[in-house]
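Hi,

Here is the model I promised to pass on. Have it open while you read, and my notes follow below.

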Amino acid sequence: MQAGAIETRAFEVEHVDGAVQLSQQAGWPHRIEDWQVAQHLSQGVVAVDDTGKVVGTALMTPYGKDYATINMVIVDASLRGHGLGRRLMDEAVILGGERALRLIATADGLPLYEKIGFRETGQVFQHQGAVGQVSAPAETEAATAADLLAIRTMDRDAFGADRSSLMTKLAEIGEFAVIRRDSRIWGFGCIRTFGRGQVVGPIVATTLEDAKALVAHFMSSRTGAFLRVDTSNADLASWLSEHSLAHVGGGVAMARPAAARPRTSTFTTFALANQAFG
């Protein structure tokens with residue numbers, strides 16, 4: 001079947017089951033719960049064939065009026081190379097409106113994204129595996145509900161956009177840890193169930209050592225469990241390799257030119273969890 005015979009429509013809750021099957025075909029680890037989180041936070045477009053089968057997806061996750069990410073871009077293997085990926089991307093970009101856009105590209109998707117105005121801004125290193133023995137750091141502690149406002153503020157400063165909706169959802173389905181000094185939060189991290197096990201991210205801290213401590217906080221209580229961490233920081237990536245989480249690939253961070261926005265604080269994003277969904 002040619003891509004021209006495919007209908008596209010708004011991505012709704014009833015498309016989640018088909019999206020799970022599509023992502024499994026692509027070798028992605030997403031569970032139905034992972035797709036449900038993405039659908040809850042996003043607007044999107046789905047491609048269906050004449051039988052109603054989901055054969056393509058693309059989501060746009062808005063963070064306020066100025067910023068969004070494009071994610072979950074998948075095309076059925078039998079329809080690749082026929083323009084469906086471009087069609088889905090065009091519709092996802094339209095959903096983004098005037099917002100600055102970012103995404104994480106695979107090697108296969110890179111040429112398409114470059115054609116529609118995205119440019120490389122960095123690399124993302126994916127690490128995963130069974131957690132080895134890691135000592136619990138002394139400087140971290142579990143976050144409380146009262147810490148969520150500070151976490152939202154810190155995340156906004158680090159990313160240059162208000163992701164309160166995402167932080168609230170992560171607090172609902174995951175766990176946060178913080179570094180607290182002089183009654184002030186100096187860094188935070190999150191862990192949640194995802195895919196084959198759990199994923200750590202985001203991690204926001206002022207220093208690499210604090211970022212390591214936040215990852216170690218979660219690793220120290222999960223010896224033998226499957227854990228994934230995506231990071232754009234090469235030094236943290238090396239540390240992860242040294243602590244049982246192998247480098248298994250990654251992607252290219254990309255943005256439309258308008259997405260280059262100055263950060264407003266010294267906080268740095270160390271672990272992305274691939275824009276929270278990937």
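Predicted model: local features only at pLDDT ≥ 70, side-chain atom pairs only at ≥ 80, totals over all residues.

Residues are numbered from 1 along each chain as its sequence is written, and side-chain values use heavy atoms, with hydrogens and water left out.

Helices here are DSSP runs of H or I with at least four residues, strands are runs of E with at least two, and both are numbered from the N terminus. The axes of H1 (residues 16-25) and H2 (residues 32-41) come within 9 Å and cross at roughly 120 degrees; axes are lines fitted to C-alpha atoms, for helices over the stretch in contact, with angles from 0 to 180 degrees between N-to-C directions. From H1, Val 16, Asp 17, Ala 19, Val 20 and Ser 23 meet Ile 32, Trp 35, Gln 36 and Gln 39 of H2, contact being heavy atoms within 4.5 Å.

H2 also packs with H6 (residues 164-173): their axes come within 11 Å and cross at roughly 150 degrees. That makes H2 and H6 roughly antiparallel to each other. On the H2 side the contact uses Val 37, His 40 and Leu 41, and on the H6 side Ser 165, Leu 166, Lys 169 and Ile 173.

Now the largest pocket. Its volume is about 1,100 Å³, which is the space filled by probe spheres set on grid points joined across faces, edges and corners. A pocket is an open set of points on a 1 Å grid over the protein atoms alone, where a 1.4 Å probe fits, with protein on both sides within 12 Å along at least five of seven lines; lining residues have an atom within 4 Å of a point. There are 39 lining residues, and Trp 28, Val 73, Thr 106, Gly 109 and Tyr 113 lie nearest the centre. Strand E4 gives the largest share of the lining, 6 residues.

Met 72, in strand E4, has a positive phi of about 55 degrees although it is not a glycine. Gly 201 and Pro 202 are joined by a cis peptide bond, with omega about 0 degrees, and Pro 202 is found in strand E10 (residues 197-205).

Cheers

Key:
Parallel < 35°, antiparallel > 145°, perpendicular 65-115°, else oblique.
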